[in-house]
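Biologist: Please show me the model, and then let us go through its side chains one by one.

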Amino acid sequence: VAAVGTLVYLGGLRGGRDLIYGETYFEKSVSGLSVGSPVNFRGVKVGEISKIGFVGEEYRVEGKDRQLICVRMSFPRKNLGLETGEAGVSPRAMEQFERLSLRATVTASGITGLSRIEIDIQTNVPPMAISWQPKDVYIPPSVSLLDSFSDAATKVMNQINKMDVSAMWSNVNASVQALAKTA
C-alpha cells in the first residue's frame, strides 16, 4: 500500500499541484494537436496540452459557441513565474496574463503532421470575445500566418471566379481596334 501510495503521489497528485492550467478556443480545425503536444512561448517549451474538446462540453453556452474547440494547457508553475496559491492562479496572476497580451496559435511542427501551440505577445490582436467565464487562465487565440495566407488566397480566387473574362476580353479587343483605327 505504501509503495502504491508513493507511486501515485509521485506520478500524479503532487504534479497536479505544481501545475497552472490555461485555456484557448479556436473556431477552425486544430488537426495535428493531441494531448501531450508541446506549448511553446517564443519557441521555448513551457507546457503541454492536457485536453482537447468542444466548449459545449465544458461550459453552458448556446449557438455557435458550443462548436468552438477548447484546448486546455498545463504549465509547471516554475516555468511561468506567476503568483499562485493552493486554489490555483491568483487574481493578480490573471491580471498579469491579460496585461501581457498573450495570444495562442496552432503551429505545424515541420513535415511530421504534428502541431503545437505557440504563445507570444501580440498587442495588435484584440482578444476573442467569449460569453462565459473560463475556469482557467484565458489565453485568447490568434490567427496563424498559414490561416491568414489561406484566407487571402481564397479571397483572391473568389474574385477571379467572379470576373467575366469573356466581357473583359471583348473590351480589350474593342479598345485595341479603336486604337488601331485612331493610329
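Modeller: Start with Ser37, which is buried, with a relative accessible area of 6%; buried means under 20% relative accessible area, exposed over 50%, and partly exposed in between, with a 1.4 Å probe and protein chains only. This is a predicted model, in which local features need pLDDT of at least 70 and side-chain atom pairs count only at pLDDT 80 or more, while totals for chains, interfaces and linings use all residues. Residues are numbered from 1 along each chain as its sequence is written, and side-chain values use heavy atoms, with hydrogens and water left out.

Biologist: Which residues is Ser37 in contact with, leaving aside its neighbours within four places in sequence?

Modeller: Ser37 lies in the loop between β1 (19–26) and β2 (38–41); helices (H or I, at least four residues) and strands (E, at least two) are DSSP runs, numbered from the N terminus. Contact means heavy atoms within 4.5 Å. With neighbours within four places set aside, the partners of Ser37 are Gly32, Gly47, Glu48, Ile49 and Ser115.

Biologist: How many salt bridges does the structure hold?

Modeller: A salt bridge is a side-chain nitrogen of Lys or Arg within 4 Å of a carboxyl oxygen of Asp or Glu. One of them pairs Lys51 with Glu58, with the closest N and O atoms 2.3 Å apart. The number of salt bridges in the structure is five.

Biologist: Arg72 forms a salt bridge with Asp136; how many residues apart are they?

Modeller: The closest N and O atoms of Arg72 and Asp136 are 2.8 Å apart. The pair links distant parts of the chain, with Arg72 in strand β4 (residues 69–76) and Asp136 in the loop between β8 (115–121) and β9 (137–138), and the separation is 64 residues.

Biologist: Which residue forms a salt bridge with Glu118?

Modeller: Glu118 counts as buried at 16% relative accessibility. At 19%, Arg116 also counts as buried. The closest N and O atoms are 3.2 Å apart, and the partner of Glu118 is Arg116.

Biologist: At what distance from the ring centre does Arg72 lie over the face of Tyr21?

Modeller: A charge sits over a ring if NZ of Lys or CZ of Arg is within 6 Å of the ring centre and within 35 degrees of the ring normal. Lys135 lies over the face of Tyr59, at 5.5 Å from the ring centre. For Arg72 over Tyr21, the distance is 4.1 Å.

Biologist: What is the phi of Arg42?

Modeller: Arg42 lies in the loop between β2 and β3 (44–54) and counts as exposed at 51% relative accessibility. Most residues other than glycine have a negative phi. Arg42 is not a glycine, yet its phi is positive, at about 50 degrees.

Biologist: Is Val165 buried or exposed?

Modeller: Val165 lies in helix α6 (residues 165–182). With a relative accessible area of 52%, Val165 is exposed.
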